[in-house]
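Please examine the sequence and the three-dimensional structure shown here. The paragraphs that follow lead from the surroundings of the ligand to one residue, and then to a pair of helices.

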Amino acid sequence: MTFTWVLVAVLLTITFVWHRKSTAPARYLPPGPRPVPILGNVLDLTAKELWLVATKWAAQFGDVVHVHIMGQRLIFLSSPEATMELLDRKGSIYSDKPPFVMAGELCGCDDMVAFTRYGDKSKRQRRLLNQAFGVQVIPSYHPLIQSETHSFIRRLVADPSKYMDHLRRYAGGLTLSVVYGYEASPNNDKFLTLGEESVDILANKITSGGGIWPVDIFPSLKHLPRWAPGSSFLTKADVWKAKMEEFVDQPYNFVKASLKSGSYAPSFCSTLLEGERECTEQFEVDLKNTANSMYGASMDTIITSFCHFLLAMMLHPEILEKAQKELDSVLGPDRLPTFSDRPSLPFIDAVVSEVYRWGVVLPMSLPHRLMEDDVYRGMFIPKGSLVFANVWAITRDETLFPNASAFLPERYLEKVDPALAKRRDPRNYVFGFGRRRCPGVHLAESSVWLLVATVLATLDISKAKDDFGHPIEPKIEFNNAIFRTPDRFECNIHPRSEHSLKLVRETEGARA
Ligand code: HEM
C-alpha cells in the first residue's frame with residue numbers, strides 16, 4: 001500500500017515538472033563568460049578599467065552580457081538600443097539603486113541623492129532638482145558661471161602648474177554659489193575645505209573600489225560588538241558619518257541664517273525655501289540632502305571633463321588652432337566669450353561634444369537595480385540584477401563614430417538626418433539614462449562650454465618640455481574604478497599673447 005502511494009506521488013511530480021517545463025517560457029539568461037562554481041565570474045572582473053573588459057565581452061557575446069558574483073547578477077548593456085529600451089522605456093522597473101549598508105545606513109548617506117532608492121523619496125528629490133536645474137532656469141546662473149570661470153582663468157595664468165587645485169576650487173566654488181549662494185573666500189575657505197574633506201571620504205574611503213564592503217554582502221555584521229575582531233569598519237563609519245552630517249548641515253544653516261538676515265544671493269536653496277509655503281521637516285531633510293549631493297556629483301565629473309579637454313588639446317595642436325581661429329573671427333581682439341556667442345561657435349560646440357565622447361567621464365554609468373523579473377529579446381533578466389550601461393562600448397561603436405579612438409570634432413559638423421544626429425550625440429549616453437539621467441546636465445553643459453571657450457580664447461596648451469626642451473609624451477593612466485579620471489599629467493599652459501593676458505587681468509573685479 002505505502003509503495004503504491006509513493007509510486008503515485010513520484011509519477012505525479014514527474015508529470016507536474018514535465019508539464020511546467022513544456023508550458024513555461026524558456027528562461028535563458030543573457031550570454032556571458034563561463035562562471036566557476038559558487039564564486040561565479042569574480043576572476044573575470046577587474047577594478048581597473050572594467051569598461052574595457054566589458055567591451056571585449058560585448059564583441060564576443062553581444063550587446064547584452066550576463067555575469068554573476070556569488071549569485072549577484074550583473075548585466076552589461078553595450079548598444080544604444082538595449083540601453084534605451086531597458087533603462088529609458090522600462091525605467092519604472094530599471095531605476096532602483098543597490099542597497100549599500102556601509103555607505104547608506106552606517107555612514108549616513110541614505111538620504112543623499114546618489115544613494116536614494118527608487119520611490120517616493122527619490123521622486124521628491126528629483127522634483128527639487130528639476131525645479132532648480134531645468135533647462136529654462138540655467139540662464140539665471142550664467143553670471144555666476146561667468147565670474148567663476150574668469151576667476152579660474154586668472155588663477156591658471158598666475159600658477160599653471162597647479163591646474164588641478166584651481167579646477168577643484170572652480171568646481172567647488174561654482175557649486176557653493178549656485179546651490180547655497182555662498183561666495184568662497186580666495187584662501188582656505190571653510191566650506192570648500194569641508195567639501196574637499198567630505199568628497200575625499202566619500203570617493204576614496206566609503207565608496208573606494210566600487211563601495212562594496214563585507215557588511216553589504218552580510219548585513220548582520222553591522223551588529224558586531226565594537227570590541228570584536230573585524231569590527232573596525234564600524235568605528236570608521238561613526239567618524240565618517242559625523243563628517244557627512246557636518247557637510248549636509250553647515251552650508252544649509254548658512255543659507256537659513258542669510259535668509260533670516262535678509263542679505264543673501266539667490267540660490268537653489270533660497271529659491272526653494274522661499275517658494276515653499278509650509279517648510280515641513282521632511283521638506284528640509286529633502287532639500288538639504290539634495291543640495292549637498294550636488295557638490296559631490298559635480299566635482300569629479302566637471303574636473304574629469306576638463307582634464308580630457310586639456311589632454312585632447314595637448315595631443316592635437318591642429319584642433320586647438322582651428323578652435324582659436326573660430327573664436328578670433330567671432331569675438332575679435334577685445335573681448336572674452338559669453339553665452340550669447342554660443343550659436344556662432346559651432347566648432348567649439350563640436351570640441352565639447354568630442355570631449356564628452358572621447359573622454360567618457362563615467363564609462364559604465366552607475367548601476368541600475370532591476371525591481372521585477374524581465375524578459376528582453378527572449379533573454380531572462382532576473383529581479384535584483386544590477387544593470388550597467390556600457391557607455392564606453394557605445395561611444396567606441398565604429399558604425400556610429402567612425403575612427404572612434406581618434407579625437408575628431410569635425411564628425412559633428414557633417415550634415416546627417418536628425419535621427420542619426422540624435423544617435424550620434426554623446427550627451428544622450430554620457431549623462432546617463434531615463435529617470436536616472438544626470439539632473440545637473442544643463443548646468444554641467446553650460447559650465448563646461450564656457451570653460452572650454454574661455455580657455456581656448458586666452459591660453460595655449462601644449463606638452464610640457466624636459467630640461468633639453470624636448471616635449472614630454474604624457475603617460476596617461478586611469479586608476480579610478482568609477483570615474484575615467486586621468487592621473488595627474490604634466491602640461492604647459494600659458495597666455496596666447498600679452499593682449500590675451502591683459503584681457504584676463506581686466507576680468508578682475510568686473511562681475512559679469
Ligand atoms: C560633465 C559633467 C557631468 C557628467 C558627465 C555627469 C554624468 C552623470 C551620470 C552618468 C550620472 C549617473 C546617472 C545614473 O545614475 O544612471 C549622474 C548622476 C548625477 N549627477 Fe551628474 N554629471 C555631470 C555633472 C553634474 C553636475 C554639475 C551636477 C550638479 C549640479 C550633477 C548632479 C548629479 C546628481 C545629483 C546625480 C545623481 C542622480 C541620481 O542618482 O538620481 N552632475 N551624472
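A helix is here a DSSP run, H or I, of at least four residues, and helices are numbered from the N terminus. The model under discussion is a predicted one. Helix α12 gives seven residues to the shell around the ligand, the largest share. The elements that contribute two or more residues to this shell are α12, residues 281-315, and α18, residues 441-458. Sorted by class, the shell holds 16 nonpolar, seven polar and one charged residues. Of its 24 residues, those that come nearest to the ligand are Ser 298, Thr 301, Gly 432, Cys 438 and Gly 440.

An unreviewed UniProt entry carries the annotation "binding site" for Cys 438. This residue is located in the loop between α17, residues 427-430, and α18. Is Cys 438 buried or exposed? A residue counts as buried if 20 or more other C-beta atoms lie within 10 Å of its own. Cys 438 has 23 other C-beta atoms within 10 Å and is therefore buried. Leaving aside residues up to four places away in sequence, Cys 438 touches Phe 431, Gly 432 and Ala 444.

The last step concerns helix packing. Two packed helices are described by the angle between their axes and by the distance between the axes. Helix α13, residues 317-331, packs against helix α14, residues 346-359, at an angle of about 145°, and their axes are 8 Å apart. On the side of α13, the contact is made by Ile 319, Lys 322, Ala 323, Glu 326 and Leu 327, while α14 supplies Phe 347, Ile 348 and Val 351. By class, this contact of α13 with α14 comprises six nonpolar, no polar and two charged residues.

Terms used
Residues numbered from 1 in each chain as written. Predicted model: local features only at pLDDT ≥ 70, side-chain atom pairs only at ≥ 80, totals over all residues. Axes fitted to C-alpha atoms, helices over the stretch in contact; angles between N-to-C directions. Contact = placed C-beta atoms within 7 Å. Nonpolar A, V, L, I, M, F, W, Y, C, P; charged D, E, K, R; others polar. Near = placed C-beta within 6 Å. UniProt positions renumbered as here; feature names shortened; annotations may be inferred. Buried ≥ 20, exposed ≤ 12 C-beta atoms within 10 Å, placed from the backbone.
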